[in-house]
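Let's go through this model in short questions and answers. Keep the sequence and the 3D view open.

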Amino acid sequence: MECFHGKPAACSTTARGTFWFCGETPSCEFFCHDEDCYLFTRAMEACQNSGSNHPICPTHQRLAKLRVVKDKMKENYGRPFFTCSDRHDPCNFWQWGDIYESPRPRCKHGMVCTVRKVKKEGPTQNRLFYCCPQIDSCGFFEWKEIEPRVAKTGFVLFSDPLEYRYKNEDTEKHSLVLTLMLRKRMKNSLRNMNNCNKTK
Ligand SMILES: [Zn+2]
Ligand SMILES: [Zn+2]
Ligand SMILES: [Zn+2]
C-alpha cells in the first residue's frame with residue numbers, strides 16, 4: 001500500500017484492526033483500514049488518472065482526506081472522494097476524486113477559495129463561483145468554468161468497442177455491461193456477414 005507521496009504507507013495494528021497511513025511529514029492524509037486496501041488502491045489510481053491535484057480544504061488550508069464510497073448498494077460504489085482532514089473540527093469540504101478539477105484559485109488573503117453556487121433567481125442561478133473562504137471576506141470573486149469529466153477508471157476506452165479492456169478486475173456490474181456490449185456487437189457482425197452472404 002502506497003500513500004499519495006508514492007511511498008510505502010506505515011502500518012499499525014490496534015484493537016480495531018490494522019490500518020495503513022501516510023508516514024511522511026507533512027502527511028498526505030492517507031489513511032485506510034486493512035480491509036479496504038483494494039478499494040483504496042483503485043481509488044488512488046482513479047485520482048491520479050483524473051489529472052487533478054490533491055485538493056486542499058479552503059477552511060483549514062490543508063490537504064483533504066481521501067475516502068471511498070463503501071456502500072455496495074450505491075451507484076457510486078468504489079468512487080473516491082475527498083473531505084476535510086481536520087480531526088477536531090472538520091469543515092464541510094467535499095469533492096469527487098476521479099473528476100478533473102483545476103486547482104482552485106487563491107484569494108487576496110492567499111487562501112484556497114471556496115466554491116459556492118448562485119442561489120438568487122436569474123440568468124446565473126446555480127452557476128458556481130470561487131470566493132474567499134474567510135468570514136471576513138477580502139471580496140475575491142471568480143466564475144468557475146465547467147470542466148470536462150474524466151472517465152471513471154477501472155476500464156480504458158478504446159475507439160474499437162471490441163477492444164474495451166478492463167485495467168482491473170471490476171465489479172460484476174461492469175463485466176455484465178461488457179458482456180452485453182460484446183454480445184450485441186457480435187450479433188451485429190453476424191447479421192452483417194449473413195447480409196453479405198445473401199448479396200453474394
Ligand atoms: Zn503520504
Ligand atoms: Zn477543513
Ligand atoms: Zn480572502
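Q: What is the order of the open sheet of three strands?
A: This is a predicted model; local features need pLDDT of at least 70, side-chain atom pairs count only at pLDDT 80 or more, and totals for chains, interfaces and linings use all residues. Residues are numbered from 1 along each chain as its sequence is written, with chains lettered from A and ligands numbered from 1 in the order written. Strands (E, at least two residues) and helices (H or I, at least four) are DSSP runs numbered from the N terminus, and two strands pair if DSSP finds at least two bridges between them. Pairing in this sheet is antiparallel, and the order is E9-E10-E11.

Q: Why is one side of E9 and of E11 left without a neighbour in the sheet?
A: E9 covers 114-117 and E11 covers 141-143.

Q: Which residue stands opposite threonine 114?
A: E9 and strand E10 (residues 128-131) run antiparallel and are joined by four bridges. The residue of E10 that stands opposite threonine 114 is cysteine 131.

Q: Is glutamate 29 buried or exposed?
A: Glutamate 29 also lies in the loop between E2 and E3. Its phi is near 70 degrees, a positive value in a residue other than glycine. A residue is buried if 20 or more other C-beta atoms, placed from the backbone, lie within 10 Å of its own, exposed if 12 or fewer, and partly exposed in between. Glutamate 29 has 20 C-beta neighbours inside 10 Å, so it counts as buried.

Q: How many other C-beta atoms lie within 10 Å of glutamine 61?
A: Glutamine 61 lies in the loop between strand E4 (56-57) and strand E5 (62-63). Its phi, near 55 degrees, is positive in a residue other than glycine. Glutamine 61 is partly exposed, because the count is 13.

Q: What span does helix H1 reach from its first C-alpha to its last?
A: H1 (residues 37-50) has 14 residues. The expected span is 1.5 Å times one less than the number of residues, here 20 Å. H1 comes close to that, reaching 20 Å.

Q: Which strands do the buried residues of H1 pack against?
A: The buried residues of H1 are Phe40, Arg42, Ala43, Met44, Ala46, Cys47 and Ser50. Contact here puts the C-beta atoms of two residues, placed from the backbone, within 7 Å. The packing partners are E3, E6 (65-68) and E7 (80-83).

Q: Which residue stands opposite valine 68?
A: E6 and E7 pair over four bridges in the antiparallel sense. In E7, the residue opposite valine 68 is proline 80.
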